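I'm jotting down what I look up as I go.

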Amino acid sequence: MEKTEAGTSVGVDDPYAVVDRCDYLTSEGNCRYAVEYGDRDPEFAAQRRSEEFRCPVAGDPDEPGPTGPWEWADCPHFRCRTHDRECVRCGLAEQRMAHDDERPLLEEHHLSYADDSGHGSGETSHEITVYLCRWCHAKVHNSWARLDDDANPDPEAIAERESRRARQQDELAFETATERFDGNDRED
């Protein structure tokens with residue numbers, strides 16, 4: 001199983017196996033990185049421009065899945081950050097409170113840490129992240145728990161989410177003016 005620099009598990013054998021698409025891939029099968037950030041890697045941008053900015057991994061946008069000559073790991077500018085706001089392991093959904101500094105229920109979990117160059121630079125070569133609830137996050141890093149385990153949310157996680165949901169419902173509850181003001185405070 002993949003490990004962090006500290007030696008803890010990330011919960012998968014191959015981080016690229018959980019990827020469905022690159023954040024820079026457009027719906028037309030083009031590389032947004034080459035168009036918007038071409039100045040950061042002119043050689044890459046020129047190569048993509050010569051191929052009408054086609055993503056070398058995605059291939060034909062009408063075909064299901066990646067059909068290009070490259071794999072996600074081959075692209076120097078690949079990035080995949082999950083945007084679904086639920087734990088990929090147990091399915092717990094985020095319940096954020098507006099104007100509150102409480103610790104979030106979900107935390108961003110990196111599946112890719114050190115570069116593959118063998119130089120030990122410690123820099124992320126490709127950013128691959130998913131969301132885990134903080135309970136699953138601890139299990140993945142502190143044991144042999146995997147992202148693809150058949151897991152249910154911890155009772156503590158459910159209690160915390162429901163507590164937040166109840167406070168949110170109280171905040172959104174409708175009160176009439178007569179409920180908000182007793183008879184002594186009203187002006188006639």
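Helices here are DSSP runs of H or I with at least four residues, strands are runs of E with at least two, and both are numbered from the N terminus. I'm working on a predicted model, where local features need pLDDT of at least 70 and side-chain atom pairs count only at pLDDT 80 or more, while totals for chains, interfaces and linings use all residues. Residues are numbered from 1 along each chain as its sequence is written, and side-chain values use heavy atoms, with hydrogens and water left out.

**Entry 1: P104**

I looked up P104 and found it in the loop that runs between β1 (79-81) and β2 (106-110).

Which residues does P104 touch? Leaving out residues up to four places away in sequence, I get E94, R96, R134 and R164, with contact meaning heavy atoms within 4.5 Å. For R134, which sits 30 residues from P104 along the chain, I noted a C-alpha separation of 8.1 Å.

**Entry 2: E52 and F53**

Next I went through phi values. Most residues other than glycine have a negative phi. E52 has a positive one, near 55°, and F53 has a positive phi of about 65°.

Where are they? E52 is in the loop between α2 (42-50) and β1, and F53 lies in the loop between α2 and β1 too.

Are they buried or exposed? E52 counts as exposed at 64% relative accessibility, whereas F53 is partly exposed at 22%.

Definitions and conventions
Buried means under 20% relative accessible area, exposed over 50%, partly exposed in between (1.4 Å probe, protein chains only).
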